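Please open the model in your viewer and keep the selection panel at hand.

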Amino acid sequence: MKKYKVIVFDMDGTLYDLEDVISMNYQMQCDFLVIKQKISQKGAASLLNSNGIYPEIREDSKSCTEFFEQLGYDKAEWNSFREEHFDENFISREKFAVNSVLEEFTKNYILILLTSNSKKNVYKILAHLDISVTNFREIICSDSNKIDMEFNKKKAFQYILDNYKVQPNEILSIGDRFMTDIQPLLMIGGSGILIKKPGSLTKLHNDLLHNCLNSCQYYKFFETQKKS
């Protein structure tokens, strides 16, 4: 078994199927921009698209929360807006037995949940999916974290390395978007798994236990290349 000590899980699109809420989320993001920028829906969609935020699932999608922070929008205002308009009942609970799989992960690894979503939405989603918060040693989200600065995942990964006293090669990030979930950890020496669907977690867990991580139809494995 490869000696990862900490596994960092993304939430949206990783612990549940993002297809369930992608249209709702994208419309919410457009509506917020229409209000803040005083532009049309078409203008909002164009602005999001030009900054890597799309109305469909893509591996190269970027974080809308980080983009809004870059624009200077108040984080609390955005979180309040999406908490008001997000409906967790759109998420199917029948597709995957995620909690039982996470419990298996906890037997060998420290689990951390890292998401740009808000704390209120995180707890609503986990409760809706019957995922126990006790699976995670720590939950790091946009409005509840110890980063003490604007939210972005690269800073969050560095915090995890420092706080949990692990080396970069001892941490693995699991997510559904390369640009936000995997690349930031690769940049500081870690490894990442880009999953195709939340149902891939069972296969991934088995491969981890047998030290045979390889890109396949269920996931893609990324590892920082050692310099010669």
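A residue is called buried under 20% relative accessible area, exposed over 50% and partly exposed in between (1.4 Å probe, protein chains only). This is a predicted model, in which local features need pLDDT of at least 70, side-chain atom pairs count only at pLDDT 80 or more, and totals for chains, interfaces and linings use all residues. Residues are numbered from 1 along each chain as its sequence is written, and side-chain values use heavy atoms, with hydrogens and water left out.

Begin by selecting Phe 68, which is buried at 1% relative accessibility. Rings of Phe, Tyr and Trp (its six-membered ring) pair if their centres lie within 6.5 Å; planes under 30 degrees apart are stacked, over 60 edge-to-face and the rest tilted. The structure holds 11 such aromatic pairs.

Next, select Phe 32 and Tyr 73, an edge-to-face pair with 5.8 Å from centre to centre and 80 degrees between the planes. Phe 32 belongs to helix α1 (residues 22–37), whereas Tyr 73 is in the loop between α3 (64–70) and α4 (75–85), 41 residues apart. Helices here are DSSP runs (H or I, at least four residues), numbered from the N terminus. Phe 32 is buried at 2% relative accessible area, and Tyr 73 is buried at 12%.

Return to Phe 68 and Trp 78: their ring centres are 4.8 Å apart and their planes at 90 degrees, so this pair is edge-to-face. Finally, display Phe 32, Phe 67, Phe 68, Tyr 73, Trp 78 and Phe 81 together, a cluster linked by ring pairs.

Note on methods. Helix = DSSP H or I, 4+ residues; strand = E, 2+ residues; numbered from the N terminus.
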